Amino acid sequence: MSPQALVERKALLHDGGRMRRLALGLLLMLLLPGTAQAGVRVAAFYYIWYGTAAADGAYQHWSQHGHTPPDDIASSYYPAQGLYSSSNTLVLAAQMDELRAAHVDTVAVSWWGRGSAEDERLPLLVAAARADGLTVAAHLEPYGGRTVSSTVADVTYLRTYGIRTFYVYRPEDLSSGDWLLAQPALHTSGTTLYAQTALVGWAASSGFDGVYTYDIVVYGGGKFHRLCAQAHKRGLKCAPSVGPGYDAQRGSGDPKLKPRRNGATYDSMWRMAIAAGADSVTITSFNEWHEGTQIEPAAPAGRRGGYRYLSYDGAWGRHGVAAETAYLERTAYWSDVFRKTSPLQLKTSAP
């Protein structure tokens, strides 16, 4: 999508869009149960690490694993809007609009430490998310030199942005005893910490408030019931991660695959998360294009630079341009089922 087309897209979204969202928000406040609004959360893992030559001086992440953008990128899919920069405020605003329309509450932004590109762009993301009424959480990644002490400093710093929920990826890289000792400092100001692990006993003994899984290949939906049962028994929150599929062959060379099955994989994981009694559902992911877990709109299948990219064609019976937004729309459906604000459909066709 050209810069001018992107501006026009954003203008269309906002000409009257704010008033429509305000009206919808007021209507929902009147119609939905209080517990559905306040207690149940849906979070999407979000990546703010993309750059383009025009906006950032070089292609960032699109060129991962030896690829040469703009036609040859580190993904088996191609974004519907074209390659974008995460430093472009219009891009961020449009993405937040899409997440809001998908009935996602929380943007869990991947964060790689102070001074990283993700850190520098964080203020832009926080502003865009809050303009759409979304909460921002931090997905604390295992940057070089990360320790429990540095994580305490990170949490203190990120609280200045109003962030109160933290998802700690690979927490078992660090010792349980160190985590436990740091919990008083980590839990000031109402902070909630989730550990990315299926070892519930380890998370409880380390002082975490809950668990999530992120990896949708290792932790399939069949493990959610046991995970949530054990978490609740130990007084922890359970936020299993659902995703549409996995294909990182072009992104990293990982040969593992989890086929999307025209949307059936996503449906199955959502069903099992709900049946497990999840307190929250985390989505892997909004835009991790390298691993093919994204629900962000993808372009129809086509050949670019000698490679034929995959698409969402066939998802819930949709084809071509109509399939581009299929996963966002299905997310809105499952989010509402999870909150018990809409009935479960017996068929798997998209609403």
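Reader: In which loop is Pro70 found?

Author: This is a predicted model, in which local features need pLDDT of at least 70, side-chain atom pairs count only at pLDDT 80 or more, and totals for chains, interfaces and linings use all residues. Residues are numbered from 1 along each chain as its sequence is written, and side-chain values use heavy atoms, with hydrogens and water left out. A cis peptide bond joins Pro69 and Pro70, with omega about 15°. Helices (H or I, at least four residues) and strands (E, at least two) are DSSP runs numbered from the N terminus, and on that basis Pro70 is found in the loop between α4 (53-56) and α5 (89-101).

Reader: Where is Ser285 found?

Author: The peptide bond from Thr284 to Ser285 is cis, and its omega is near 10°. Ser285 is found in the loop between β11 (280-283) and β12 (302-304).

Reader: Which residues form a disulfide?

Author: A disulfide is a pair of cysteine sulfur atoms within 2.5 Å, and by this rule the count comes to 1 disulfide. The link has -70° about the S-S bond and is left-handed. Its sulfur atoms are 2.1 Å apart, and the residues that form it are Cys228 and Cys238.

Reader: Are Cys228 and Cys238 buried or exposed?

Author: Buried means under 20% relative accessible area, exposed over 50%, and partly exposed in between (1.4 Å probe, protein chains only). By these limits, both Cys228 and Cys238 are buried.

Reader: Does Tyr214 count as buried or exposed?

Author: Tyr214 has a positive phi of about 60° although it is not a glycine. Tyr214 lies in the loop between β6 (210-212) and α10. Because its relative accessibility is 6%, Tyr214 counts as buried.

Reader: What does Arg170 count as at 40% relative accessibility?

Author: Arg170 is another residue other than glycine with a positive phi, near 50°. Arg170 is found in the loop between β4 (165-168) and α8 (176-186). Its relative accessibility is 40%, so Arg170 counts as partly exposed.

Reader: How are α11 and α12 oriented to each other?

Author: Axes are lines fitted to C-alpha atoms, for helices over the stretch in contact (heavy atoms within 4.5 Å), and angles run from 0 to 180 degrees between N-to-C directions. Helix α11 (residues 264-275) and helix α12 (residues 326-338) pack at an angle of about 15°, with their axes 11 Å apart. Angles under 35 degrees count as roughly parallel, over 145 as roughly antiparallel, 65 to 115 as roughly perpendicular and the rest as oblique. Therefore α11 and α12 are roughly parallel to each other.
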